[in-house]
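Hi everyone, thanks for coming. Let me put the model on the screen, and then we can walk through it together.

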Amino acid sequence: METTKSLKRLFIGGLHHTVSESEIKERFGTFGAVTDVDIVFKKDSEGNPVKTFGYVNISASETELKRCMSILNKSKWKGETLQIEFAKECFLHKLAQERQDADKNKHKPQVDGIAKVVESLKKAGVENFKIRSAVPGTEVPEHTDWIVSKFGRVLPILHLRQKDQKKILKYDPSKYCHNIKKLDHLSNWEIKTPVANLTWYLEEQDDEMSKKRRGDFPAPTQPVKRKKLLVNKYNMENSSDSDSNSEQNEMSTTPVEHNDKRTSNKDELISATRNKFTLSKSTCADSMNQNFGRQATVASSKSNTWSKAQVAYSDSEELELIIAKDKSKIKELSQTDEKPKDMPLEVRQKETEMQKKLIQGALSNLDSQKPDKGKHVIFDFEEQNENKALFEDIRGSSKTKDENLSAEAGEENKEKWHVAKAFESRTVGKLFDSEEEDNEGDSDEDHDGRFKIKPQFEGKAGQKLLSLQSRFGTDERFRMDERFLESEEENAEESVAVKSQYSEDEELAEEKRRAMNILNRVIPVSDGKTEIRREQAKFKNFRDASALHYDPTREDHTVFENKVEEAKKESKAESRKRREEAEKLPEVSKEIYHDVNMGLKEMFSSTAKEKKVVWDTEDDSQHPKILEADWSMDNKHEVTLLEKKVNLFFFFKDDQRLKDGPELFCRSINLQDERSNWEEKRTLLIEEYRKKHKEAKRKINAKR
Amino acid sequence: MRPLTEEETRLLFEKLAKYIGENIKLLVERPDGTYCFRLHKDRVYYVSEKILKLATNISRDKLVSLGTCFGKFTKTLKFRLHITALDYLAPYAKYKVWVKPGTEQSFLYGNHVLKSGLGRITESTAQYQGVVVYSMADIPLGFGVAAKSTQDCRRVDPMAIVVFHQADVGEYIRNEDTLT
């Protein structure tokens with residue numbers, strides 16, 4: 001801890017204005033000896049103190065000062081917070097010091113700096129900006145701005161900033177290859193150039209590209225302002241007229257000068273001017289269709305007249321001209337018409353050039369004027385005045401035009417007239433909803449008339465009419481006059497209807513009705529929508545059959561296919577039943593047709609009586625029937641038996657076949673009986689066929 | 001206090017129709033008396049004729065409210081339905097949502113209803129349809145807007161919101177002063 005006391009100057013801010021020096025001394029006296037106190041009051045215009053601060057010179061040790069600062073800084077004193085800092089030098093002191101420093105610096109230029117750097121680098125191990133055996137890119141210890149580059153050379157890292165730009169680029173020389181070169185051929189010690197002399201200076205080139213590379217961009221040219229609205233043009237036209245009137249002198253001087261320069265002779269002068277005028281006329285006639293042309297005509301023709309007037313004035317011997325525009329114009333017009341052809345070509349060409357320059361000059365002037373003029377809101381009245389002036393001009397010209405004017409000039413004037421008139425009517429129509437003005441002589445009266453309420457607009461009906469008219473704006477076709485008024489009767493009825501008073505109940509009922517109406521609008525709208533949707537859905541469902549085309553890949557088209565019926569898997573019971581039914585033969589009557597001898601013995605016993613076995617062919621015919629009946633009988637009764645008892649091929653004992661078989665061979669019926677039966681039948685048969693035979697014979701005989 | 005203009009009536013009915021559909025008719029034309037809507041300080045009140053007549057005797061600045069407040073028109077002329085209208089919405093509600101007992105409290109605190117809390121929902125509820133929320137004991141708790149249609153409700157995950165909360169009876173305690 002240092003206990004040495006040093007004189008320090010402290011700045012105290014935020015002092016209350018009632019604080020006095022003695023109080024400050026007391027306060028700070030605890031920390032050290034106070035030698036000097038300065039208090040500054042800053043007051044504003046009314047005398048109220050705005051700031052109060054002070055300086056204190058105190059001799060105290062560092063610790064004491066620190067204590068002082070920590071305690072008193074931001075502490076409150078008489079309601080104000082203190083701010084204590086080490087004071088910046090009283091600026092007189094500062095100035096003096098700066099001067100001293102500047103002097104010192106002059107004497108010791110950068111060499112000092114360099115020497116310092118070299119020394120510091122030496123300490124780091126860099127001799128003469130070289131480090132031995134160091135890889136490029138190693139940093140120099142204690143020097144962040146230096147880096148080892150090629151050949152062990154220590155180079156500074158540069159922070160470069162382009163002129164007028166904020167960005168600072170860091171340039172690390174160790175990262176680039178070709179920034180240093182070893183000068184081997186200069187290795188001998190005699191030729192040792194100092195570093196300062198090694199800088200190369202490139203010549204500054206003055207062409208555009210290198211200028212731009214350096215950052216020297218040319219100043220931007222101002223953009224040419226374009227003319228916009230037609231109305232503005234008209235305004236400008238007017239304004240230009242008025243201006244041109246005032247500018248006549250300017251414009252006229254230029255042609256006069258031109259004239260003076262080129263020719264000295266009067267004749268030539270006049271002829272030149274005349275020529276100019278014709279040419280101007282012709283040029284103007286060509287460009288008459290354009291607005292510029294018009295302006296030009298107005299401007300240039302006027303200028304020409306003025307110029308001529310002036311010229312004529314100067315040469316008043318030949319032409320008696322007054323400065324008044326009208327007559328001069330016309331006379332000159334008439335004069336110039338006489339001799340157009342005599343002028344030589346060269347002069348004409350020169351004149352055209354001059355004219356162009358004139359026109360350009362005139363237009364440029366107009367351009368400069370326009371931006372301001374365009375912003376002016378020009379009211380009806382003012383324009384009218386200007387128009388009047390224009391009209392008088394043209395009127396004057398038109399009056400005398402009957403005398404000698406060429407067609408061109410006449411047209412010119414006519415056009416101007418029309419232009420002015422159209423302009424006037426248009427502007428007049430815009431601002432006030434009044435009728436057109438036909439005559440200027442009525443202008444005064446119309447001004448009053450414009451403000452009078454027209455009779456058709458009076459009254460309530462009239463109000464309606466006015467509102468109706470205003471719906472259509474300023475359109476001339478829709479001006480309402482008396483015919484459009486509604487009949488008063490209708491008006492009266494309406495008002496009566498409105499005025500009729502409802503009683504409260506009626507009002508409520510009315511309100512209810514209205515509410516229901518609105519409700520119906522709100523809700524059935526949604527219902528209607530659903531209905532519509534349903535209908536739409538129906539329409540959607542309609543499918544055109546002709547459009548339908550079978551597509552096997554589509555799943556829903558399987559409907560169209562004829563399905564092959566697959567054999568159903570039947571239950572066993574069902575299948576068995578069917579089989580049984582199939583095997584069942586049609587029922588045969590159970591009436592036994594004949595007696596069957598069951599046993600063989602009986603068979604043989606019967607046949608033993610008659611050993612003669614007569615195989616009559618007559619008997620045979622009966623047998624098959626019996627046989628068939630026999631088998632069917634057996635089958636029916638013994639179906640199951642037959643199934644179970646498989647017929648063996650070989651005979652076995654008690655085989656039915658053995659029993660039945662022989663019976664087939666034997667006569668079943670008694671022979672005598674059979675014979676007698678046969679005899680009866682025979683006789684019957686014979687009789688029958690005899691009858692048939694007779695009939696047949698009879699028929700044949702009858703036919704014959 | 002003034003009767004509603006056509007535009008305002010239309011807006012009001014459109015809003016009500018979202019919850020009760022065509023049953024608004026029953027509000028407008030009641031068999032037991034004439035009731036009408038009145039506008040006072042941007043709020044819509046549903047009053048009976050008798051009360052209306054009495055209320056006309058009170059000056060505008062002194063009149064606080066009359067009848068039942070259905071809701072109010074905002075500055076941009078949108079109609080907001082208040083909880084005080086629940087008594088008239090609940091019996092005529094077309095689409096209803098029943099909420100499980102555990103979720104009741106959550107809803108009454110102003111939270112949306114999740115699928116896990118959904119007890120029952122009317123069939124064929126469309127998405128963004130106005131619904132009245134009931135507890136399982138059929139006590140109307142408030143109303144809201146269906147965030148999902150009935151079909152979607154079935155297949156959505158349990159943490160998804162199914163009903164957006166618009167008003168609940170807990171507001172009587174929470175927002176006492178704004179209800180007039």
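Let's begin in chain B, where strand 7 (residues 96-99) and strand 10 (residues 130-135) run parallel and are joined by four bridges. For bookkeeping, two strands pair if DSSP finds at least two bridges between them. Helices (H or I, at least four residues) and strands (E, at least two) are DSSP runs, numbered from the N terminus.

Before I go on, please keep in mind that this is a predicted model: local features need pLDDT of at least 70, side-chain atom pairs count only at pLDDT 80 or more, and totals for chains, interfaces and linings use all residues. Residues are numbered from 1 along each chain as its sequence is written, chains are lettered from A and ligands numbered from 1 in the order in which they are written, and side-chain values use heavy atoms, with hydrogens and water left out.

Contact, by the way, means heavy atoms within 4.5 Å.

Three strands of chain A, in the order 7-8-9, form an open sheet with antiparallel pairing. Its edge strands are strand 7 (139-140) and strand 9 (154-156) of chain A. Strand 8 (residues 143-148) of chain A is joined to strand 9 of chain A by three bridges, and A:Ile147 stands opposite A:Leu155 in strand 9 of chain A.

Now for the cores. A nonpolar core here is a set of buried Ala, Val, Leu, Ile, Met, Phe, Trp, Tyr and Cys residues joined through side-chain atoms within 4.5 Å. Buried means under 20% relative accessible area, exposed over 50%, and partly exposed in between (1.4 Å probe, protein chains only). The largest core has 37 residues, and B:Phe13, B:Leu16, B:Phe37, B:Phe70 and B:Phe143 touch the most other members. Which element gives this core its largest share? That is helix 17 (residues 504-541) of chain A, with six residues. The core also draws at least three residues from each of domain 1 (2-88) and domain 2 (95-175) of chain B, with bounds that come from an automatic or database domain assignment. A second, separate core of 20 residues includes A:Ile24, A:Met69, A:Trp77 and A:Leu82.

Let me zoom in on helix 17 of chain A, which holds A:Glu511. Is A:Glu511 buried or exposed? Its relative accessibility is 17%, so A:Glu511 counts as buried. Leaving aside neighbours within four places in sequence, A:Glu511 is in contact with B:Pro3, B:Cys36, B:Phe37 and B:Arg38.

Over in chain B, B:Thr68 sits in strand 5 (residues 68-73). B:Thr68 counts as buried because its relative accessibility is 16%. Not counting residues up to four places away in sequence, B:Thr68 touches B:Val44, B:Tyr45, B:Tyr46, B:Thr84 and B:Tyr88.

Two backbone angles are worth a look. Most residues other than glycine have a negative phi. A:Asp164 has a positive phi, near 65°, and lies in the loop between strand 10 (158-161) and strand 11 (168-171) of chain A. At 71% relative accessibility, A:Asp164 counts as exposed. B:Asp42 also has a positive phi, near 70°, and lies in the loop between strand 3 (33-40) and strand 4 (43-48) of chain B. B:Asp42 is partly exposed, at 42%.

I'll finish with the chain totals. Chain A has 23 helices and eleven strands, and 25% of its 704 residues count as buried. Chain B has seven helices and twelve strands, and buried residues make up 47% of its 180 residues.
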